Amino acid sequence: MQNVLFVVLALLLIALVRYRRGANPTPSRNSHNTTIEVIWTLVPVLILVAIAIPSIRLLRHTYTPPPADLTVKVTGHQWYWSYEYPDNGVSFDSYMLKEANDPTRQANQRARTDADGPPLLAADERMVLPAGKVVKFIVTADDVIHSFAVPAFWIKQDANPGQLHETWAKVDRPGVYFGQCSELCGARHGFMPIAIEVVPPAQFAAWVASKGGHMAGAAPPAPGSTATPQTANSDNAAGNAPPAPATPGTARANPAPAPLNPNVANRANR
């Protein structure tokens with residue numbers, strides 16, 4: 001701040017000495033110079049036009065996402081996430097896994113292991129996505145404002161009650177990616193992680209079938225079939241989550257998550 005003050009003071013003194021009446025008995029008159037008026041009007045206009053052309057193109061691409069291969073509805077709650085695959089007939093809740101020595105963990109709740117993911121980021125049910133497919137996320141909330149943030153996907157979308165917001169991602173590398181709610185949503189704001197497992201398309205189809213769902217365009221299971229559609233787990237909400245089955249997308253069967261990206265959310269959002 002002091003440097004700026006000295007520079008301004010120096011310029012002021014130079015102007016007082018150089019452009020005083022004694023040194024310039026006949027001052028120049030540029031206030032009505034047509035050439036200068038045209039230049040300082042036209043040049044800024046050309047600069048703004050040059051900036052506007054790529055900006056408008058970028059905005060158009062931002063609001064024109066590619067056609068989606070899969071749609072996932074994400075709903076934020078206090079304090080957990082619900083995921084719904086409307087085209088596949090699958091929906092479930094996702095809760096944070098507690099530590100083995102956590103006094104609030106009930107006896108029938110499975111404790112977190114290193115295979116599930118880092119502390120505060122491991123979830124009992126992971127969102128499962130097919131690799132190489134465009135996924136559209138429809139984000140909302142049912143109580144307060146949350147924020148669905150997965151830095152490895154470049155996603156940070158607010159979840160507002162009564163509103164639907166859209167974003168998308170296309171992940172080519174299978175693996176496990178983590179995120180967290182990035183909006184201060186209440187007392188347990190730091191305990192609603194996002195765990196996403198990206199698998200090959202064939203493994204994704206098997207996971208959908210294991211949840212009692214069906215691939216888009218296929219007929220849903222018959223009512224009398226053995227497959228039972230997966231729905232929101234009320235036992236989890238009551239703190240009585242049963243052990244997760246060993247299927248793709250459940251934390252028990254997944255290998256240890258590898259840091260596929262140095263900016264992956266398991267470190268950025270701790």
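How many bridges join strand β1 to strand β2, and in which direction do the two strands run? In this predicted model, local features need pLDDT of at least 70 and side-chain atom pairs count only at pLDDT 80 or more, while totals for chains, interfaces and linings use all residues. Residues are numbered from 1 along each chain as its sequence is written, and side-chain values use heavy atoms, with hydrogens and water left out.

Strands β1 (residues 70-77) and β2 (residues 80-85) run antiparallel and are joined by five bridges; strands are DSSP runs (E, at least two residues), as are helices (H or I, at least four), numbered from the N terminus. Val74 stands opposite Tyr83 of β2. An open sheet of mixed pairing is formed by five strands in the order β3-β2-β1-β5-β8, where pairing requires at least two DSSP bridges between two strands. Its edge strands, β3 (90-94) and β8 (165-170), each pair on one side only. From one strand to the next, the twist averages 25 degrees. Helix α3 (residues 201-210) lies across β1, β2 and β3, at about 85 degrees to β3; axes are lines fitted to C-alpha atoms, for helices over the stretch in contact (heavy atoms within 4.5 Å), and angles run from 0 to 180 degrees between N-to-C directions.

Leu12 is found in helix α1 (residues 2-18) and is partly exposed, because its relative accessibility is 47%. Asn24, in the loop between α1 and α2 (34-62), is likewise partly exposed, at 27% relative accessible area; this class lies between buried (under 20%) and exposed (over 50%), with a 1.4 Å probe and protein chains only. Asn24 touches Arg18 and Tyr19, not counting residues up to four places away in sequence.
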